[in-house]
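Welcome! Please take a moment to look over the sequence and the 3D view, and then read on for a short tour.

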Amino acid sequence: MRSPTLLIAAGALLAATGLAHAEGELNIFNWGDYTSPELIKKFEEKYDVKVTVTDYDSNTTALTKVSAGGHGFDIVVPSANYVPIFVGEGLLLEARPDQMENFKNVSKRWRDVPWDPGRHYTVPWQWGTTGVAVNKTAYSGNVNTSAIFMDPPEELVGKVNVIPEMSDVMAMAVWYAGGGVCTQDKTVLKKVRDLLVAAKPKWMSMDYGMSDKLSNNDVLASVNWSGSTFRARLNNPDVVYGYPQEGYPVWMDSVAILKDAKNVDNAKLFMNFIMEPENAAMISAFARYANGIDGSQEFMPENMRTAPEVNVPEEFAAAGQFLPTCPPAVQKMYTAIWTEVMK
Amino acid sequence: MSAVEISPAAGTDQEARAEAARTRRNWLLSLPAVILLLFAASGPLVIVLIYSFLTPGDYSGVKWIPTFDAWTSILFSRDIFDDTLRLADAHLTIFWRSASLSLLTTLITFLLGFPTAYFIATRPPRQRGLWLFLITIPFWTNLLIRTFAIMEVIRNEGLLNKLLMMTGLISEPLQILYSDTAVLIGMAYVYLPLMVLPLYAALERFDFRLVEAGYDLYAGRWMVLRKVILPLVKPGIVAGSILVFMPSLGAYVTPRVLGGGKHMMIGSFIELQFGQGRNWPLGASLSMLLLLIVGIGLFFYVRAMSKEKAHD
């Protein structure tokens with residue numbers, strides 16, 4: 001136990017004094033359209049490291065590729081509900097970022113998180129919420145409710161999109177029906193199914209890519225992610241983002257080092273590097289989500305500091321919840337309901 | 001025994017040896033291709049087949065516990081509320097939607113493709129190459145891009161709606177995007193060349209003097225088409241229909257982009273099992289079933305064709 005700690009301490013010291021000159025490579029496996037090229041360039045120049053970024057489109061894809069082995073990646077960025085699975089399957093290196101130089105910059109809220117107690121494995125990359133986006137010229141009523149898609153107001157009937165993200169949508173539907181996350185309560189689930197089956201004919205589509213479609217009025221309301229809605233609003237000022245009071249998912253993707261990483265030193269340098277406020281701000285300025293690093297705000301573009309999509313208003317903060325990964329038995333029921341709705 | 005039989009003719013012995021060497025050489029030469037086919041084509045299929053008889057892993061993947069669950073759950077599912085086993089009507093609905101949309105696509109491509117192929121086949125031989133070349137141009141572009149192009153045309157603020165509004169035929173944009181009509185338009189557009197080419201191949205070989213003979217025997221145009229042309233180009237019609245129907249059945253991109261994903265088809269249903277549904281065995285068994293349907297279709301096609309040949 002002693003020596004790794006010592007090594008990390010030495011590494012942190014080196015990084016802090018700028019003596020580290022970790023020539024070599026770093027292979028990052030991250031979500032598509034999510035990694036700021038400027039951030040990578042800065043890291044490459046500072047440490048003389050050649051960085052390669054490879055994209056994935058879902059946590060399952062990442063998990064499958066990584067657990068198959070022989071991938072050659074050093075860093076992966078799983079969502080909160082997948083971090084315990086990665087750890088449980090023995091895929092992550094206990095890199096102890098909590099002992100790194102820049103860990104002091106991590107916001108208090110994100111230091112001790114349920115999916116990674118004490119942050120022994122991961123550091124924050126970006127976090128956001130799943131809510132509802134509404135074009136206010138089409139509907140001017142209350143947007144802070146899941147009724148936008150669970151029981152669409154007359155003005156929005158036949159105009160609502162729902163992103164086909166099963167876990168997010170099912171969780172929102174369960175909260176709307178009065179249940180809790182990963183509930184097995186059959187009366188609640190029956191209500192969920194009936195509500196969804198009744199609501200679906202009032203939807204227009206179930207599709208991704210909403211930042212474009214909300215921008216050019218192809219879609220007038222949608223279940224959508226905060227950052228995507230933010231990007232839509234920058235093109236189309238009529239788009240507003242609602243935080244459903246019944247409950248809405250909060251998510252965070254975190255940077256972790258893989259156990260079979262070949263460039264562990266560079267990966268650790270990267271972890272420490274992105275906890276620097278100025279660098280974290282680059283991540284957010286690119287993908288338009290918040291990052292969980294204190295002090296990064298002042299390095300962000302002005303429109304991000306005030307954006308209601310990024311800064312959750314005080315009165316809606318309590319309704320946001322992290323989604324755990326539901327146990328297989330529950331998952332099976334959710335998939336059955338989802339199939340019933342999507343058939 | 002064989003050595004004794006061969007030995008009387010010493011001359012053929014040498015020939016036999018040369019023949020054997022030739023066979024061996026041919027085998028060796030084709031070995032790389034055989035190995036490639038065996039491992040790269042059949043290998044993955046065997047894995048899919050094996051997976052369809054396993055138990056889903058807790059978080060994606062599979063557990064090595066053999067079971068028929070995946071296969072039975074295609075047709076029968078246990079109700080999550082009252083736990084009774086019954087026909088999985090959600091799955092059947094999805095299969096039925098895929099099958100009926102594919103049939104409609106085949107019909108539409110035939111109705112559009114037949115006149116096109118007929119037109120090309122009746123051009124002077126020197127012009128035919130150019131027409132065929134025009135038919136194949138869409139293949140140069142990626143399927144996804146062609147699908148997005150269709151989307152651009154039928155969008156609410158797209159080309160078609162703008163044109164219709166300009167001419168005053170409609171006053172409000174038609175909601176075509178995200179409907180079964182949109183999926184049909186997209187699939188018919190994408191698969192049309194697959195219908196035209198075999199139809200053309202059949203019509204090109206067709207002896208048009210037979211049409212004249214038909215007219216001479218007082219057959220009307222409709223009668224000639226039905227009794228002379230269609231029966232003789234039937235192999236082309238069958239080939240084209242199979243080429244269109246099979247890929248339509250498993251189509252993923254077009255229904256997903258143009259259909260708005262509101263109604264699942266087999267392709268996206270399989271994807272759900274491997275992704276968010278975390279049920280690989282069900283996904284694997286659905287894929288195998290799809291392959292089986294396509295295989296049976298091809299089997300009947302080949303059999304029908306060989307019968308046709310026997311008649312000739």
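## Where the two chains meet

Across the interface of chain A and chain B, 7 residue pairs are in polar contact, both residues of each pair being at pLDDT 80 or more. Keep in mind as you explore that this is a predicted model. On the side of chain A that touches chain B, the elements giving two or more residues are helix 3 (59-68), helix 6 (166-176), helix 7 (186-199), strand 6 (203-205) and helix 13 (328-342) of chain A. Helix 13 of chain A supplies the largest share of that side, with 10 residues. Sorted by class, the side of chain A that touches chain B has 18 nonpolar, 10 polar and 10 charged residues.

In terms of contacts, 38 residues of chain A meet 32 residues of chain B. The size of an interface is often given as the accessible area lost when the parts come together. For chain A and chain B, the buried area is about 3,000 Å², and carbon and sulfur atoms give 57% of that area.

## Salt bridges between and within chains

Over all chains, the count comes to 16 salt bridges, and 2 salt bridges are counted between chain A and chain B. One to look for joins A:D218 to B:R155, with the closest N and O atoms 3.0 Å apart.

B:R155 also forms a salt bridge with B:E157, where the closest N and O atoms are 4.0 Å apart. Of these two, B:R155 is buried, at a relative accessible area of 9%, while B:E157 is partly exposed, at 39%. Shared partners link the salt bridges of A:D218, B:E152, B:R155 and B:E157 into one network.

Within chain B, the side chains of B:D13 and B:R17 meet in a salt bridge at 3.3 Å, N to O. Both residues lie in helix 2 (residues 10-51) of chain B, 4 residues apart, which is about one turn of the helix. B:D13 counts as partly exposed at 31% relative accessibility, and B:R17 counts as exposed at 57%. In chain A, the side chains of A:R96 and A:D98 form a salt bridge as well, at 3.0 Å from N to O.

## A strand with two neighbours

Now turn to strand 7 (residues 221-225) of chain A: 4 of its 5 residues are buried, so the strand is largely enclosed by the rest of the structure. Strand 4 (residues 122-135) of chain A pairs with strand 7 of chain A in the antiparallel sense over 5 bridges. Strand 5 (residues 160-162) of chain A pairs with strand 7 of chain A in the parallel sense, over 3 bridges.

A handy landmark is A:V223 in strand 7 of chain A, which stands opposite A:V132 and also opposite A:V162.

Key:
Residues are numbered from 1 along each chain as its sequence is written. Chains are lettered from A and ligands numbered from 1 in the order in which they are written. This is a predicted model: local features need pLDDT of at least 70, side-chain atom pairs count only at pLDDT 80 or more; totals for chains, interfaces and linings use all residues. Side-chain values use heavy atoms; hydrogens and water are left out. Buried means under 20% relative accessible area, exposed over 50%, partly exposed in between (1.4 Å probe, protein chains only). Two strands pair if DSSP finds at least two bridges between them. Contact means heavy atoms within 4.5 Å. Buried area is the accessible area (1.4 Å probe) that two parts lose on being put together, summed over both. A polar contact is a pair of N or O atoms within 3.5 Å; within protein, one must be able to donate a hydrogen and the other to accept it, and residues adjacent in sequence count only if both atoms are side-chain atoms. Ala, Val, Leu, Ile, Met, Phe, Trp, Tyr, Cys and Pro count as nonpolar, Asp, Glu, Lys and Arg as charged, and the others, Gly among them, as polar.
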